[in-house]
Amino acid sequence: MKISTILLEGDAGSGKTQLAKALSADFNLPYTKVTCFADMDKSDVLGSILPVLSEKDKSNMVEYEYYPSEIVRAYENGWLLEIQEPTVIRDAAVLMALNSALEPDGSLNLPTRIVHRHPDFIAVITTNRGYNGYRPLNEALRDRVQHAEKLDLPPKEVMMERAKAKTGYQSENVLSLLAETIMLLDETARANAIKGVAGMRSYIFWVDAVASGASVQNTLYHKVLYKITTDPQELAILEQALVSHGLTDKFEELDIICHSHSDGENPEVMELNISEDGEYSAETDQADKNAVRLRKSEDSGGHSDRSSDENTDVSSNDNGENGTLFYHELDKSDTNELQKKEFRKQLNREARQSVQGSCHEEIKLIVHRPEATAQNREEYHNMAATLLPVIRELIRKTNPLLEHEVSSEFAKSQLYGTKFCADRVAALDFRVFARKRPPEEEPSLAVALRIDESASMSAFGRLESAKQAAVALYEFCTGCGIPIMVYGDTADRSKLEQMSIYAYVDFESKDADEKYTLMNIQARSNNRDGMALRIISDRLLNAPQKTKLIISISDGQPKAMPDYTDEKAVYDMKDTLHDFRPKGIQFLAAAIGQDKEAIRELYGAENTLDITDLKQLPARLVQIIARFL
């Protein structure tokens with residue numbers, strides 16, 4: 001059987017398009033391509049009927065003509081067609097139009113006729129893996145592919161040969177070292193779920209820069225690392241991999257060898273030599289009057305190892321009247337503190353309104369907004385470092401699910417589209433078509449995590465697992481653009497504070513440091529679960545998302561002074577769940593203590609997670625969120 005439908009899947013720069021062009025040259029077929037985009041619809045695949053003014057008739061009569069797409073032209077005339085990035089198309093129904101066309105004896109049902117596949121037609125589908133906007137390729141379309149190739153980085157020897165041919169650079173040692181670096185960075189990025197790519201393009205650009213005399217170490221950042229990521233934590237992971245394999249030292253040695261300067265020569269100065277006839281001269285002459293010396297500015301080269309935290313204070317300097325330097329310090333405004341104070345007041349006000357008319361109405365309540373400390377930041381980064389690789393991989397797999405694949409709404413009154421509207425024919429604006437609206441981009445889920453901070457949470461590592469779950473859930477949700485709030489609660493801290501709510505993270509907050517306050521989660525006193533869930537549920541109702549999920553991590557039954565226990569507490573819990581479930585709130589309980597059966601009775605068996613191994617709690621919760629999408 002003739003192979004006429006090919007799938008090439010791999011990272012950017014792995015040679016997919018070059019391979020498609022090589023095939024077209026080898027088969028002596030015209031090459032053409034179509035690059036897919038998110039809002040592509042069937043008219044972009046099959047072509048469109050458009051209104052045009054007749055050139056023959058001068059009466060300005062409008063005629064409708066069919067204009068084929070590039071896909072149809074290649075299909076009908078027997079060309080080699082490269083279909084680039086079909087996985088970015090948000091409407092899955094668009095690609096289904098190609099299913100029958102890719103059959104060996106397939107056809108396309110056009111608005112004006114049926115076109116049968118030309119026997120010479122070859123379709124080469126090229127797609128990247130796991131990039132922004134990526135969706136799994138339609139299963140029916142993938143099944144029609146006759147041959148598939150998984151393109152990754154080639155062997156080091158092949159990388160070096162390609163770089164030689166492309167740049168003309170011949171140093172085997174340098175080419176080998178740079179190729180090893182690219183391969184290591186590619187492996188490290190994949191292992192830590194860093195979405196950027198270290199591929200052939202970066203390698204060739206880096207080699208070209210080094211061949212021009214640039215520093216190996218400095219150009220590493222601009223040609224490779226910053227193309228992978230600019231996130232400080234991810235850069236630190238990649239830099240650590242280079243250090244652990246001894247590559248950083250090799251870069252320094254290579255720079256010393258390649259950029260050693262003779263006595264009296266300033267490495268910060270570049271000299272251009274112009275001969276008397278005005279032509280550029282490669283010969284250098286220290287006394288040449290026609291030489292133009294260009295000095296490199298202080299901020300023009302290299303990578304700064306200084307942390308951005310060291311430069312957070314904004315200041316400038318200038319000369320005073322007597323020539324001495326003075327500094328203009330930017331006064332720290334109290335605006336942020338006022339905003340935090342007002343937001344805390346708002347939360348307290350709303351919390352008291354939430355419990356009015358309930359059995360908690362007379363309970364003395366305070367909502368706290370903990371402040372982040374330097375120790376909190378350090379502890380958070382240490383905890384997140386162990387969780388982020390798994391979380392990033394889950395984010396990569398989840399992001400495509402956040403956008404609806406099929407849009408059922410049509411935008412009418414369009415000049416072209418997939419649907420002809422007969423009721424618009426009499427209109428003089430020629431807008432007689434309807435076109436599918438793009439699917440919504442925003443995730444339709446909002447999440448709240450409630451953590452029981454009763455004293456019993458300090459036992460058996462429950463508190464540490466709850467902290468890890470909070471960090472994992474926060475990083476996952478923010479990475480996917482899902483609004484999240486993380487609240488803790490305890491009861492009976494004092495007679496004046498019978499109920500304490502700790503609003504660690506809130507989706508309406510503008511405090512960039514609030515995630516670090518999750519490290520303040522701790523075991524305190526009793527637990528008044530019904531009151532906490534009522535306040536959190538009422539708060540979550542403010543989110544515009546359609547699906548609202550509350551996850552409660554608890555190790556025991558509700559119990560608070562003076563009599564909030566047994567039947568009264570059970571009745572209040574069930575009454576709270578009954579009040580908010582019809583409003584669209586879904587409740588899920590993670591039972592991590594001895595009272596699992598009692599918690600299951602409160603929430604329902606189908607809404608309770610029995611966490612036997614606490615180490616699995618963070619990953620389980622993140623997987624649950626992905627399932628709700």
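# A walk through the predicted model

Let us begin with a pair of helices. Helix 7, made of residues 172-191, and helix 8, made of residues 200-211, have axes that come within 10 Å and cross at roughly 145°. The crossing of helix 7 past helix 8 is right-handed. On the helix 7 side, the residues in contact are Val174, Leu175, Leu178, Ala179, Thr181 and Ile182, and they meet Ser202, Tyr203, Trp206, Val207 and Val210 of helix 8. Sorted by class, the residues of this contact are nine nonpolar and two polar, with no charged ones. Keep in mind as you look around that this is a predicted model.

Helix 7 has another partner to visit. Helix 6, residues 156-167, packs against helix 7 at an angle of about 120°, and their axes are 9 Å apart. Helix 6 and helix 7 are therefore oblique to each other. Here too the crossing is described as right-handed, with helix 6 passing helix 7. From helix 6 come Lys156, Met159, Met160, Ala163 and Lys164, while helix 7 brings Glu172, Leu175, Ser176, Ala179, Glu180, Ile182 and Met183. This contact of helix 6 with helix 7 holds seven nonpolar residues, one polar residue and four charged residues. If you compare the two lists, you will find Leu175, Ala179 and Ile182 of helix 7 in the contact with helix 8 and also in the contact with helix 6.

Five parallel strands make up an open sheet, and their order across it is 2-5-8-1-9. Strand 2 (31-35) and strand 9 (147-151) are at the edges, and each has a single partner strand, so one side of each has no neighbour in the sheet. From one strand to the next, the twist averages 20°.

Strand 2 and strand 5, the latter covering residues 80-84, run parallel and are joined by five bridges. In this pair, Thr35 stands opposite Gln84 of strand 5.

Helices lie across these strands as well. Helix 1, residues 16-27, lies across strand 1 (5-10), strand 2, strand 5, strand 8 (122-127) and strand 9, and runs at about 170° to strand 5. Helix 3, residues 70-77, lies across strand 2 and strand 5, running at about 150° to strand 2. The loop between helix 1 and strand 2 is where you will find Asn28. Asn28 is not a glycine, yet its phi is positive, at about 60°.

Helix 15 (residues 529-540) and helix 16 (residues 566-580) have axes that come within 8 Å and cross at roughly 15°. That angle makes helix 15 roughly parallel to helix 16. Their crossing is left-handed. Helix 15 takes part through Asp529, Gly530, Met531, Leu533, Arg534, Ser537 and Asp538, and helix 16 through Asp572, Met573, Asp575, Thr576, Leu577, Asp579 and Phe580. By class, the contact of helix 15 with helix 16 comprises five nonpolar, three polar and six charged residues.

The loop between strand 22 (547-554) and helix 16 contains Pro562. The peptide bond that leads from Met561 to Pro562 is cis, and its omega is near 0°.

Finally, a word on confidence. The protein chain has a mean pLDDT of 78, and 74% of its residues reach 70 or more. Over residues 261-272, pLDDT stays under 50, and the model has 19 contacts for this stretch beyond four places in sequence. Residues 280-332 also have pLDDT below 50, with 58 contacts in the model beyond near neighbours in sequence. Where pLDDT is low, the predicted coordinates should not be read in detail.

Note on methods. Residues numbered from 1 in each chain as written. Predicted model: local features only at pLDDT ≥ 70, side-chain atom pairs only at ≥ 80, totals over all residues. Heavy atoms only, no water. Axes fitted to C-alpha atoms, helices over the stretch in contact; angles between N-to-C directions. Helix = DSSP H or I, 4+ residues; strand = E, 2+ residues; numbered from the N terminus. Left-handed = near helix turned anticlockwise from the far one by under 90°. Contact = heavy atoms within 4.5 Å. Nonpolar A, V, L, I, M, F, W, Y, C, P; charged D, E, K, R; others polar. Pairing = 2+ DSSP bridges. Parallel < 35°, antiparallel > 145°, perpendicular 65-115°, else oblique. pLDDT = per-residue confidence, 0-100.
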